[in-house]
Amino acid sequence: MFRFLEYLLIAGYIAVLLVISHWIGQLAFSWMPLQATAEAKKVDDLFSFLVSIGAFILLGLVGMMLYSVLFFRASKDDYSEGHPSRGDVRLEILWTATPTLLVLWIAFQSFNIYQQLNILGLGQIVHLHLLSESANAAIVSDVPKPASETINVFAKQWEWSFRYPNNVSSNELHLKVNRSIRLNMHAQDVIHGFYVPEFRLKQDIIPKRDIDIVLTPTRTGKYKLKDSQFSGTYFALMEADVYVESVEAYNQWLTQTASEPTAIKNQAVAEHIQAAKTLFKSGWYTVAPDQPAVANKRKVSNDT
């Protein structure tokens with residue numbers, strides 16, 4: 001009878017842990033930025049699952065330690081050693097097989113999401129032939145068929161520029177909502193990192209290698225593109241505005257931009273020309289950023 005009550009208590013404790021862990025996992029969705037692409041949901045689902053698993057393990061271990069301290073603590077004058085628990089084959093199999101299966105499942109899900117992000121051009125780097133195969137972007141019920149458009153993304157020290165299908169160039173990235181778009185990314189000097197938190201997308205851009213990413217924006221708004229790699233002195237200033245908008249607004253902006261050339265604002269240039277704020281000079285070599293170029297201008301050449 002006592003053993004039955006003990007098993008019942010353990011089962012009840014596990015049930016409570018599952019409920020609390022699931023709640024914490026659902027709460028983890030609010031820790032992330034807003035989902036702005038169709039692919040972001042699967043990334044957040046995996047993150048929520050990992051948080052749930054971590055919460056279950058943490059609360060379970062803490063609960064066992066508190067239970068042991070409260071009910072199995074040694075008396076004040078007891079200096080004897082506890083009985084060692086050895087040779088339990090079932091326990092050894094349990095705590096070996098469970099983490100192994102869990103890690104394999106997480107690895108499979110992570111690789112599956114990576115494929116759905118449809119990142120091309122990495123096969124020669126990581127030697128995974130599966131990455132070079134075409135993978136469809138995550139399907140969302142209210143997303144129309146993918147649009148066959150490509151925007152070229154150029155990264156250099158320290159500025160982003162974008163070339164659109166009609167050869168219009170800009171320092172702003174404009175995307176159509178609910179339309180899949182291919183970003184063909186190029187690094188012109190060193191390794192840069194394309195990172196938009198709301199897109200759940202962080203991809204290194206490697207010099208002399210074209211890397212394509214297909215994504216589907218699903219939420220209109222203004223976002224910020226950052227360089228996730230330490231690409232030099234002013235890499236923290238390497239930002240660009242990202243706009244997700246309706247097809248009508250996108251076409252209107254593209255038409256207006258084609259006829260109104262403007263100068264790119266490069267904050268790295270402004271920082272570089274400022275006088276030093278300290279008397280001590282390290283003498284370290286610093287790459288001078290290019291002077292602001294003219295953007296929003298038709299370019300006929302195909303230089304990268």
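Predicted model: local features only at pLDDT ≥ 70, side-chain atom pairs only at ≥ 80, totals over all residues.

Reader: Thanks! Is histidine 186 buried or exposed?

Author: Histidine 186 is buried, because its relative accessible area is 7%. Buried means under 20% relative accessible area, exposed over 50%, and partly exposed in between (1.4 Å probe, protein chains only).

Reader: And what does histidine 186 touch?

Author: Leaving aside residues up to four places away in sequence, histidine 186 touches Asn152, Val153, Phe154, Ala155, Ile205 and Asp210. Contact here means heavy atoms within 4.5 Å. With aspartate 210 there is also a side-chain polar contact of 2.8 Å. A polar contact is a pair of N or O atoms within 3.5 Å; within protein, one must be able to donate a hydrogen and the other to accept it, and residues adjacent in sequence count only if both atoms are side-chain atoms.

Reader: Let's zoom out. How many helices and strands are in the chain?

Author: The chain has six helices and 13 strands. Of its 304 residues, 33% are buried. Among contacts between residues at least 6 apart in sequence, 72% join residues at least 24 apart.

Reader: Now aromatics. How many aromatic pairs are there?

Author: The count is nine aromatic pairs. In the pair of tyrosine 67 and phenylalanine 71, the ring centres are 5.0 Å apart and the planes are at 45°, so the pair is tilted. The rule is that rings of Phe, Tyr and Trp (its six-membered ring) pair if their centres lie within 6.5 Å; planes under 30 degrees apart count as stacked, over 60 as edge-to-face and the rest as tilted.

Reader: Where do tyrosine 67 and phenylalanine 71 lie?

Author: Both belong to helix 2 (residues 40-71), and they are four residues apart, about one turn of the helix. Tyrosine 67 is partly exposed, with a relative accessible area of 40%, and phenylalanine 71 is exposed, at 57%.

Reader: What about tyrosine 164 and tryptophan 253?

Author: Tyrosine 164 and tryptophan 253 make an edge-to-face pair, with 5.2 Å centre to centre and 65° between the planes. This pair links distant parts of the chain: tyrosine 164 is in the loop between strand 3 (159-163) and strand 4 (169-170), while tryptophan 253 is in helix 5 (residues 247-258), 89 residues apart. Both tyrosine 164 and tryptophan 253 are buried. Tyr164 and Trp253 form one aromatic cluster with Tyr250.

Reader: Nice. Which peptide bond is cis?

Author: The one that joins glutamine 157 and tryptophan 158, with omega about -5°. Tryptophan 158 has its place in the loop between strand 2 (150-156) and strand 3.

Reader: And what is the phi of asparagine 178?

Author: Asparagine 178 has a positive phi of about 60°, although it is not a glycine. Asparagine 178 is in the loop between strand 5 and strand 6, and counts as buried because its relative accessibility is 19%. Arginine 200 is another residue other than glycine with a positive phi, near 55°. Arginine 200 lies in the loop between strand 7 (192-196) and strand 8 (201-205).

Reader: Last topic: what is the volume of the largest pocket?

Author: The largest pocket has a volume of about 1400 Å³. Of the 31 residues that line this pocket, Ile10, Tyr13, Ile14, Gly60 and Met64 are the closest to its centre. On a 1 Å grid over the protein atoms alone, a pocket is an open set of points with protein on both sides within 12 Å along at least five of seven lines, and lining residues have an atom within 4 Å of a point. Grid points are joined across faces, edges and corners, and a volume is the space filled by probe spheres set on the points.

Reader: Which element gives the largest share of that lining?

Author: Helix 1 gives the largest share of the lining of the largest pocket, with 13 residues.

Conventions: Residues numbered from 1 in each chain as written. Heavy atoms only, no water. Helix = DSSP H or I, 4+ residues; strand = E, 2+ residues; numbered from the N terminus. 1 Å grid on protein atoms, 1.4 Å probe; cavity = no way out; pocket = protein on both sides within 12 Å on 5 of 7 lines; lining within 4 Å.
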